[in-house]
Amino acid sequence: MTTTPTSTRPAVRRTRGLHASRTRVALLLLVPMLLVLAAVAGYPLLRTIYLSFTDYNILQDPAPKWIGLGNYWFTTPEGVGLGVLQTPEWWQSVWNTVKFTVGSVILETVLGLAFALIINSKIKGRGFLRTAILVPWAIPTVVSAQMWNWMYNDSFGVISQWGQKLGFLHTGESFLSNPDTALAALVAVDVWKTTPFMALLLLAGLQTIPSDMYEAADVDGASPWTQFWRLTLPLLTPALLVALIFRTLDALRVFDMPYIVKGNAPETITMSIYARQQLILNSQFGFGSAISVMIFLIIMVFTAIYVTSLRVKFD
Amino acid sequence: MNSKNPAVRTLTLIVFWLVVLIVLFYVLFPFYWALKTSFTGPAQLSAEALQWFPSNPTWQNFRDVFAGQPFGRNLLNSVVVATGTVLLSLLLSALAAYALGKFRFQGKSVLMYIILAVSVFPQIAVLSGLYTMIKTFSLYNTWGGLILSYMIFTLPFTVWTLTAFVREIPTELEEAAYVDGASPLQTLFQVLLPVMTPALVTTGLLAFINAWNEYLFALTFTSDNTAKTVPVAIGNFSGATIYENPFGQIMAASVIVTIPLIVLVLVFQRNIVSGLTAGAVKG
């Protein structure tokens, strides 16, 4: 406390001084965290945006050269479109990512809800079940990608074997090698890996519903089916929305699993994989940065919708 | 399941347990298959790839992973990088969470929005900016470069979760310390942190798992085994010849990095569930 109460209204002065010094302390406590965030998020983001307006090839150019919006939209005199938004590969990666996101998020939500309802019911061994469900979640993504890579292997993969026995696949074929089913095969891996996370979030939501509401419903003679639609689902909606949006954002930026399983294959390339391919493998820092900025904008639009529609508030 | 008819009740129960068994199989089978493959020697792999049990279980793959590959070095890199990331994140976020959880000041909600925004940053959006920065500061292919870049996803998460915990600590505790003349830092480290220990363990563990599993930055910011972490190593494991993928070894390496995580998860199961949901639902 720096101020001494000399005024005629000492109490007011004192709280004001207290408030000012508390604010100073708060700022000092925040500075280290803010500096690091600025260094790893703020500055690199601005630099990426800047590079997206330049014709920078990290191997050939000494310094970035400003070319305005050329990386986004540029048509040569011969009529060839070179900008990201004119590139079929970009739109292919967007389309793949959208299909991947819609497929995996819907399946994960339905299955996750089913898992959560099972664990939440009063059965023996539900502790064990909940633990078992955590196993895929705890396995690193890279590891789960390799495990499924092995199970999908065309000659020795157990899933390919089952597919061939059941007649879904020809001999020596796998769900991954077939371009028509490759993306669906990746969705299956993501569903396996992430449904448990979904189930845990929904389980937390289920456990906030007071049990006496179900008792009342029982007394009124409501069937389990009616109870689910009229009671469980409406009360679970907030938790469900949060989980849905988290999963959607994760799926939109997916990189590691599809990259390890299928590399840069056109039928499964996602937005993030395409961006890294241009940035690092082709050293096209300007063009690649423009792709990154597009991905950033897409994610931020989703986040803005999420924050406003759920009316997220902080005090 | 409240039907009066015993036959219907038994039937419902059977169907229910069938569903439970299917779920269990679905969740655990890939892990079992990896475990089984890791104990199948390279010579038997092609013959026994589809059998349910290895006929000659062997440690061969586990020995090969360490003898033929620099996997020990990769493990060391991962341990150092993940631990460093967690310690640094926890320190920075403990300070920040104290300010955000217990102090009132202008612009706090704007700050919370910014932190939330960073936590949904697609890593790819900062990749080129970070890459040039890391090259400039000679952090390429070093532990420090990875630790620094991992802050982008661990820090918003730890700040967010710890702030939620700090808010729930009774204010009387802090006031008492203040009356006794403790400085803010003394209050934080001697009064609040001991109360926060469970939160720190939970948050640190989740941050550790995320850092341990990170792939994109580790792949992009390392060039050889000086700093290459386990996920990168497992991601592009190569065999003695280019014609075969050494799946026995890949599965052995996978099991090695997964077992510690599963043990951690089993031990801290309850904390993890509460930590995940605290971070997520509050978000």
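Predicted model: local features only at pLDDT ≥ 70, side-chain atom pairs only at ≥ 80, totals over all residues.
1. **Ground rules.** Residues are numbered from 1 along each chain as its sequence is written, and chains are lettered from A in the order in which they are written.

2. **Fold of chain B.** Chain B has 13 helices and zero strands. Here helices (H or I, at least four residues) and strands (E, at least two) are DSSP runs, numbered from the N terminus. The radius of gyration of chain B, taken over C-alpha atoms, is 24 Å, well over the 19 Å that the globule rule gives for 283 residues, so chain B is more spread out than a compact globule. That rule is 2.2 Å times the number of residues to the power 0.38. The C-alpha trace of chain B spans about 75 × 70 × 35 Å along its principal axes.

3. An unreviewed UniProt entry lists "transmembrane region" at several places in chain B, including residues 12–35 and 247–268. Such annotations may be inferred rather than shown by experiment; positions follow the numbering used here, and feature names are shortened. Residues 12–35 of chain B are 100% helix, with end C-alpha atoms 34 Å apart. Residues 247–268 of chain B are 95% helix, and their end C-alpha atoms are 31 Å apart.

4. Residues 25–46 of chain A are 100% helix, and the end C-alpha atoms are 29 Å apart. For residues 228–249 of chain A the figures are 100% helix and 28 Å.

5. **The interface.** How many residues of chain A are in contact with chain B? The count is 93, and they meet 98 residues of chain B. Contact means heavy atoms within 4.5 Å. The two chains bury about 8400 Å², 80% of it on carbon and sulfur atoms. Buried area is the accessible area (1.4 Å probe) that two parts lose on being put together, summed over both.

6. **Charge at the interface.** There is one salt bridge between chain A and chain B. Arg22(A) and Glu174(B) form a salt bridge at 3.2 Å, N to O. The term needs a side-chain nitrogen of Lys or Arg within 4 Å of a carboxyl oxygen of Asp or Glu. On the side of chain A that touches chain B, helix H1 (residues 10–51) gives the most, with 22 residues.

Methods:
Heavy atoms only, no water.
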